[in-house]
Amino acid sequence: MPSIFISYRYPKNIFFRSFLTLVICLNCFFLIAQKKQRPNSTFPNSHLKHIVLPHQTFNSIGKSYGLTGEEIADYNNLEYYDGDVIPKYLTIPLTKRNSSIDKIAFTNEHLVPLFQIKGIPGRLIRYKKNGNNPLIRRVNGSPLLVGYLHTNEVNNEVVETVVPAGIRHFGQVKQAGKKAAITDLKPAITIAIAVPQKALASAVVGGADTVSAIRAAIVLPKIVNSSSTLLKEKRPALVEIKKPQPRPATRERKVLFLVEIQLAITFFLLVIIFFVAALRNRKEVLHTQLKASIRKVLINEVLREETFSENLNRSLSTSDFLKKQMAKKGGRQFIIDEIINGRKSIKGKAGEEFLKLYVSLNMNDDSSKKLKSKNWNDVVKGIQELAIMEQNHKMTEIFHEINSRNELIRMEAQCALVRLSGFGGLWFLNVLNYPISEWQQMKLLSMLSTLPFSDIPDLHLLLTSPNESSVIFTLKLIGLFQQRTMHGEVIKCLANKNETIRFFAIKCLKEIHNEYTVDILLRKFATESRKNKISIVKVMGEIGSQDQLDFLLDVLSVDDDTLKISAAKALSKLGAKGNYLLEEYCGRRGGQYSQIFLHIKSGV
Amino acid sequence: MIWFEILAGMLTDILYFYCACMLVFYVLFAIVSIGETLRNYKKNNSTDYSLLATSELGPSVSIIAPAFNEGVGIIDNVRSLLSMYYSNLEIIIVNDGSTDDSLQKLISAYELRKVDFFIEKQLPSKHVKGVYKSTNPVYKKLIIVDKVNGGKADALNAAINIASKDYIVAIDVDCILEQDALLKIIKTLIDYPKVRVIASGGVVRIANSCVVEDGKLVKVNLPKNYLARVQTLEYLRSFLLGRMAWTRLNGLLLISGAFGAFDREIVIKCGGYNTKTVGEDMELIVRMRRYMVETNEPHCVKYIPDPLCWTEAPSTYKVLGRQRNRWMRGTIETLLAHKIIFFNKRYGLMGYISYPYWFFFEMMGPAIEFVGFSIFLTATILGIIKWKFFFSMLLFMISFGCMYSSFAILMEVLSYHQYKRRSDILKLLLVAVTEPFLFHPFMVWSSIMGMVDYLRNKKSWGEMTRSGFSTKTLELKPGIVNGDYRKA
């Protein structure tokens, strides 16, 4: 495999390099972007501890702190899920999005001031020399205001705020050990956060823990003095995260769930594949055996005597294997097919015996039942069987399917009517609501062409049918059976708006022409489409006389190669004079015309 | 840097949306194709195709086959074509400036003589040096055209100029056709009364490891070569699911270059094959469809699920890479040449669904997949995305692929059931599992190289070396062809 990749070397290919550069750039972009998407904490590790209320979700909590549910989950090293949050407490990161130094709030936003509260051991935040550090400001002497929490909801329960020392919070506090650094606060100062409603939380500014944190206890203004007590009561026994029960649906779990579904479907498909394959293989073997048995019986009986149906019936009944198969639906159908094939391939008296056999084995009942089936395939099969086995009494039922919505049933019914009633069956054309495909027309004409055409019905009405495909079919029928009495009606079709109808009318006129046909066609020539002009020229070659030589010579001079070659061919068919004129004309014009003449002369 | 975050978020969402759309398309293909494939299969059971072969009333057909340096097998291939039973037929073989002895072999084998032939210049093509016909009436259907080399599209145009029948069937001369392939494909063209079928095609199958006797396929085997085997599965998916679904929706934009039938009148009216693209067969279908839409004629392009044509698939990474590279270039050239269709309401479904599908998923797909996967992998390595999530997503894609492939196999078993052995089905399923690791990355890479080559304005076809079929009566030696454009 690696050698394949090596085979693609584009050392100096600017496009390839550009493409790879683009890929790398996009990668980098995503990496940076992904990093930026994480909660942008100006105080890494600074956070609030939020008491989770009943029915609160990551999203609802996140929303109230200006963060997303996923960010909250991620910050707490939990997997994000949609349901109620299970842990009692959550750590809410303090970011630029949910806290600020200045008292600026947007609409629908509540500002919760953060105050230092005395009495908690920790670190001391020293002001910058200019004394203008907005992070820790003395408001009315004591306590100290450190900033504002922005929240959408006033009833968030916050236990404590943890702000590690030595962090560039709001760009004001410098790291410990440096100039204007944070030093230990002894004794610690606690700050109280006033929230508009009940005593929800406490904050402590301190720094005795491992991260040298400043803790802020948050209390209601009216109970600021009792904050320490409150803090003791509410101070987390730090966060106890219980194993979620039931297990929440995470992103990975959702994907894996889909994988499980897909694998289950795949397994199900595999079972069906092997089942169907085994069934089909078994069916093939069975059909081979059946075919051999039936053919053996058939050949014996058909060769022995002409009236073999009774013997054949007896043979089929005596063979255990065939008897068993006759009782089965599939086996019986296979035997029906074989009998029908026999009927189709053997004509005369022997063929009649297959009909007798078909009826004596009550297979006509099987075919009739299929007509009532809901499966179109069975209906088609039933019609086909009844028609081939000449079950004329079923014609009415078959006729009902002439305008079936299913085109295959419709087509088979049309064929069956023609097969059963010959030309008489064509009267379905009068009531047909659907167009007839070219394939269907071909099938019908092929069937009709084997019949004596003395009893062709009156086709006048069909030529004026609004069903254009019926008109085309009728024109083909008239041409095929040379119904010269229809000449006048066919001429009328030359005025039809449909180009294809006119085309077939021209072709039909070739077969049923009379002394007026050529003149009529010549009159039509000028106004006809290119395709029909070519057709007229070809017809001139077949039915024209020397009177049309000038016309064909005119056509030979037009600027259309197909028309030229058609005219040349037509001229060559109009006797010696036509050939002479063609040679003379082509010799005179030379060039392309010489090639045309040679082409005609070579008889290709 | 809010814009940065928004942009990154948007790009991530677009990638997810893209994947979701692709999966939805595949699921739709599977659902839509079921009805169409099974309906065709049942329809076949009650159709007597022999009528078309014997009836003089059937449409007239010209088979056109370009050949370039096919000397090794050309005699047998032409014999195979001549053995096709169809009453109103002519077979035109175009010797497209072969440098081997193809023409001499044909002349002596089929008793050919040069004839004076006036060629109507309906379509542009390079100079025709001569037209040959047989003096033996047994081969009266055969016409051999000797012309200056101009590529496959040019050879096909020359053949269309010479063809005189209503329909043309373009085939690759090295393909093996089923006995009734011609009947089935022509019947499709005349089977729809309400719309004009301008082109039709059928399923192309992989013939590697199959047994060929006298130019006919006598035994179907699953390819022994891994690459050919994967392509077998790929072709099953492509033809039985994708193409059938597009047929149902009347949104098909491609008929395989290996075997396709076209309405000659429309082909000529819309200017024939484009000689300036390596994707000439797709380009022709798109142009024919455009022509029909612009002239307000109801039309459709049909595909049938019957296996009609067997071809030898590339069995080495090198040749396969060239083939996929060319397919990608062909796709880009065609789509860019017809960009007017893109979300143009005038073109209906073609403008709103087919073209955008080809643009976003067939053309852009490999590049987007490559970029997306590399970002995903990098982000995982750097810890931005959890490994658990990475593997679960990977597993999701692989299991989806397996499910889709299994469905294609099921459709095959339910309809034409060519691979009868249980071991063959198991091998195909194994291929479905390994494909994402051993085959798919290479396909993506080759397609990207195709994009790069398109930008470099590379126009060559690339050599296609074949190893020949397993035969009983004839030995096919490795040959070089310029055919086989987009069989899948």
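Two residues are said to be in contact if their C-beta atoms, placed from the backbone, lie within 7 Å, and helices (H or I, at least four residues) and strands (E, at least two) are DSSP runs, numbered from the N terminus. This is a predicted model, in which local features need pLDDT of at least 70 and side-chain atom pairs count only at pLDDT 80 or more, while totals for chains, interfaces and linings use all residues. Residues are numbered from 1 along each chain as its sequence is written, and chains are lettered from A and ligands numbered from 1 in the order in which they are written.

Thr331(B), Ile332(B) and Leu335(B) of helix H10(B) meet Trp358(B), Phe359(B), Glu362(B) and Met363(B) of helix H11(B). By class this contact has five nonpolar, one polar and one charged residues, where Ala, Val, Leu, Ile, Met, Phe, Trp, Tyr, Cys and Pro count as nonpolar, Asp, Glu, Lys and Arg as charged, and the others, Gly among them, as polar. The axes of H10(B), residues 317-337, and H11(B), residues 348-363, come within 11 Å and cross at roughly 150 degrees; axes are lines fitted to C-alpha atoms, for helices over the stretch in contact, and angles run from 0 to 180 degrees between N-to-C directions. The two helices H10(B) and H11(B) are therefore roughly antiparallel to each other, a term used for angles over 145 degrees.

Chain B also holds an open sheet of 10 strands with mixed pairing, in the order E3-E4-E5-E2-E1-E6-E11-E8-E12-E7, and two strands pair if DSSP finds at least two bridges between them. Strands E3 (112-115) and E7 (176-177) of chain B stand at the edges, each with a single partner strand, so one side of each is left without a neighbour in the sheet. Two bridges join E7(B) to the antiparallel strand E12(B), residues 299-311, and Leu177(B) stands opposite Cys309(B) in E12(B).

An unreviewed UniProt entry annotates residues 15-34, 355-385, 391-416 and 428-448 of chain B as "transmembrane region". In the model, residues 391-416 of chain B are 92% helix and 0% strand, with end C-alpha atoms 37 Å apart.

Finally, the contact between the chains takes 62 residues from chain A and 62 residues from chain B. On the side of chain A that touches chain B, H6(A) gives the most, with 19 residues.

How values were computed
UniProt positions are given in the numbering used here, feature names are shortened, and annotations may be inferred rather than shown by experiment. Angles under 35 degrees count as roughly parallel, over 145 as roughly antiparallel, 65 to 115 as roughly perpendicular and the rest as oblique.
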